[in-house]
Amino acid sequence: MSAKPKLSVGPILYYWDRDKIFDFYREIAQSAADIVYLGETVCAKRTLIRLEEWFEIADTLAAAGKEVVLSSMALLEADSELKRLKRICENDRYWVEANDMGAVNLMQGRPFVSGHSVNVYNERTLKLLAQKGMRRWVLPVELSHETLAAMQAQRPEGVETEVFAYGRLPLAYSARCFTARAHNLPKDDCQYRCLDYPDGLTLSAQDDTRFLALNGIQTQSAQTFNLLPELDRLVELKVDVLRISPQSNRTLQIIDIFNRAINGELDAAEGAAQLSRWMPVGPCDGYWFGDAGMIEHARNRIAG
Amino acid sequence: MMELVCPAGNLPSLKAAVDNGANAVYLGFKDDTNARHFAGLNFDKAKMTQGIDYARQRGVRVFLALNTYPQPANWSRWQFAVDQAADLGVDAMIAADLGVLDYAAERHPNLPLHLSVQGSATNYEALSFYRENFGIRRAVLPRVLSLPQVKHVVENSPVEIEIFGFGSLCVMVEGRCILSSYATGRSPNTFGACSPASHVEWRETPQGLETRLGGVLIERAGQGESAGYPTLCKGRFQVGANTYHAIEEPTSLNTLELLPQLIEAGVVAIKIEGRQRSPVYVKQVTQVWRQAIDACIRNPDGYQTRADWMSQLDKVSEGSQTTLGAYSRPWQ
């Protein structure tokens with residue numbers, strides 16, 4: 001039998017209030033997750049948790065037996081953001097998830113994870129980053145299982161593969177804040193409106209089809225990407241880590257469902273049916289099958 | 001020195017750019033190895049040779065865009081394209097993918113490399129990586145930085161900086177936007193096109209003319225409104241109780257009035273977007289920018305944009321309106 005994939009909890013992509021974040025990680029410490037990615041990756045203005053406090057949360061989780069990775073910002077603009085990045089990269093306790101080539105540059109020669117916003121689209125890129133110290137890479141979310149299979153076949157030794165397996169998909173980053181824009185506010189006076197949308201702000205087409213989710217400067221899918229029905233294939237492809245991207249409610253139960261399915265205690269399809277009830281809008285998985293990302297393949301296949 | 005880099009989607013456009021004052025033109029092969037993979041556009045090897053000769057004889061440099069992201073199944077096409085670029089002796093190859101840059105630097109060490117805007121490098125640490133590992137000479141910055149931020153990058157950059165000055169506006173960091181593939185399965189990274197025409201539908205309905213992309217309703221034009229091309233991020237959507245351009249209006253970038261500040265900041269080249277546009281567009285935009293750059297270099301303190309320049313550029317702009325984009329903080 002193939003090795004069971006580990007479970008990771010991705011960085012919180014939204015802006016939650018302090019108490020909610022501390023409560024969340026107290027629960028995560030008790031969960032079945034093996035790896036926890038920590039830190040603000042979307043907007044430099046989200047500073048309710050200071051960097052020192054992120055380190056404290058990291059220490060608590062590490063003491064509870066979790067592998068902790070510090071995630072960097074995906075879009076670096078101001079010099080203050082680079083300075084903060086340097087502090088993260090200089091830490092000597094935890095690996096860093098580089099979400100930008102600037103972070104990759106700072107981590108050269110030391111172990112790091114390349115996040116899904118670093119464009120690793122082919123084996124030559126994978127090999128190059130492995131030479132620079134990359135120990136794990138996260139498959140960019142628009143790539144299919146076929147591309148993953150080809151990459152896995154030529155994966156350099158000592159490199160783990162992680163797949164974004166559950167959550168609203170990060171699709172784009174901008175200088176502009178779309179949440180502030182939705183409130184007719186300039187970015188410099190955003191009034192921290194993201195705090196009101198712990199799962200992002202859903203955007204619909206004019207015919208009411210729910211399509212995207214606005215999360216500050218990040219745009220996400222309205223639909224929640226879910227690969228639980230593909231668990232057998234993920235195992236077959238020797239994926240080492242499955243990432244669950246936190247949502248405002250029931251992340252613990254979601255981890256539990258993935259964990260039970262991995263341990264053969266729960267049928268993946270049954271688990272997926274349960275998960276779909278907790279999604280803000282509904283599921284999608286098109287990218288995994290090489291289709292438009294918003295398509296839901298799992299259900300179509302069953303229905304078809 | 002401020003180099004004017006103009007788009008060439010085909011030979012007539014290349015000639016229009018060269019004849020009207022471009023210092024350099026950029027172009028691509030007829031396939032998905034570049035980010036303007038549109039039907040009827042771009043160059044085969046013979047046409048490219050002709051184009052390069054035409055430009056060279058008139059002292060204009062030629063850059064080849066090879067700026068999409070190959071996957072294992074199609075890697076060989078990119079490898080072949082890099083070899084062709086080296087054979088043709090272009091003045092620079094503009095690339096984004098780490099694997100492509102690595103291959104080019106190793107196999108063709110004499111081929112000058114520029115980092116494409118699709119490489120998403122917004123800070124000097126990222127630029128240092130590309131400089132150190134592939135010896136890039138220049139980078140094109142994503143259209144997300146404010147003017148002071150551009151200046152700060154230039155001050156600390158190990159390579160020359162080129163920025164976009166005019167044309168269609170990407171609101172998102174280039175190379176990291178997959179909205180298009182979310183709706184259609186095809187993105188600039190994977191296919192070389194955003195909001196591809198193959199997935200566009202136009203429908204007359206009682207509510208007005210609807211334009212869809214991958215089946216998603218992007219715009220509904222009422223009576224008296226004109227319906228533009230359904231570029232995903234320029235559509236009208238509903239958020240809460242409001243229906244509006246939730247991401248960006250159909251508008252073009254125009255930084256003509258920032259020219260003195262860009263020169264002062266140390267930007268070495270201005271790029272004009274629009275390989276998919278007509279030779280007439282290329283001619284008009286190149287003419288205006290040539291005059292503006294010359295005027296600005298002659299007399300930076302007395303530089304003012306002329307009304308006839310602005311109206312000429314407005315005429316060829318998307319939605320007939322222009323913006324300073326992210327260079328101006330209030331836009332953000």
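A salt bridge is a side-chain nitrogen of Lys or Arg within 4 Å of a carboxyl oxygen of Asp or Glu. I start my notes with that definition.

**Ground rules.** I am reading a predicted model, where local features need pLDDT of at least 70, side-chain atom pairs count only at pLDDT 80 or more, and totals for chains, interfaces and linings use all residues. I number residues from 1 along each chain as its sequence is written, chains are lettered from A and ligands numbered from 1 in the order in which they are written, and side-chain values use heavy atoms, with hydrogens and water left out.

**Entry 1: salt bridges in helices.** I looked up Arg260(A) first. Its side chain meets that of Asp256(A) in a salt bridge, 3.2 Å from N to O. Both residues sit in helix 9 (residues 251-262) of chain A, four residues apart, about one turn of the helix. Helices (H or I, at least four residues) and strands (E, at least two) are DSSP runs, numbered from the N terminus. Arg260(A) has a relative accessible area of 31%, and Asp256(A) has 34%. I count both as partly exposed. For such labels, buried means under 20% relative accessible area, exposed over 50%, and partly exposed in between (1.4 Å probe, protein chains only).

Next I checked Lys83(A) and Asp79(A). They form a salt bridge too, at 3.0 Å from N to O. Why are they separated by about one helical turn? Because they are four residues apart in helix 3 (residues 79-90) of chain A. Lys83(A) is exposed at 53%, whereas Asp79(A) is partly exposed at 22%.

**Entry 2: a bridge across the chain.** Which residue forms a salt bridge with Glu67(A)? I found Arg136(A), with the closest N and O atoms 3.0 Å apart. This pair links distant parts of the chain: Glu67(A) is in strand 3 (residues 67-71) and Arg136(A) in strand 6 (residues 134-138) of chain A, 69 residues apart. Is Arg136(A) buried or exposed? Arg136(A) is buried, at 1% relative accessibility. Glu67(A) is partly exposed, at 28%.

I also noted the total. The structure holds 43 salt bridges over all chains.

**Entry 3: positive phi.** Most residues other than glycine have a negative phi. I looked for exceptions. Gln191(A) has a phi near 55 degrees. Gln191(A) lies in the loop between helix 7 (178-182) and strand 8 (201-204) of chain A. With a relative accessible area of 41%, Gln191(A) is partly exposed. Asp208(A) has a phi near 75 degrees. I found Asp208(A) in the loop between strand 8 and strand 9 (210-215) of chain A. Asp208(A) is exposed, at 55%.

**Entry 4: a buried glycine.** Where is Gly286(A)? I located Gly286(A) in the loop between strand 12 (283-284) and helix 11 (297-303) of chain A. Gly286(A) is buried, with a relative accessible area of 0%. I set aside its neighbours within four places in sequence and listed its contacts (heavy atoms within 4.5 Å). They are Asp291(A), Ala292(A), Gly293(A) and Ile295(A). I also checked Val69(A), 217 residues away along the chain: its C-alpha atom is separated from that of Gly286(A) by 28 Å.

**Entry 5: one lysine in chain B.** Lys30(B) lies in the loop between strand 2 (24-27) and helix 2 (45-57) of chain B. Lys30(B) is partly exposed, with a relative accessible area of 47%.
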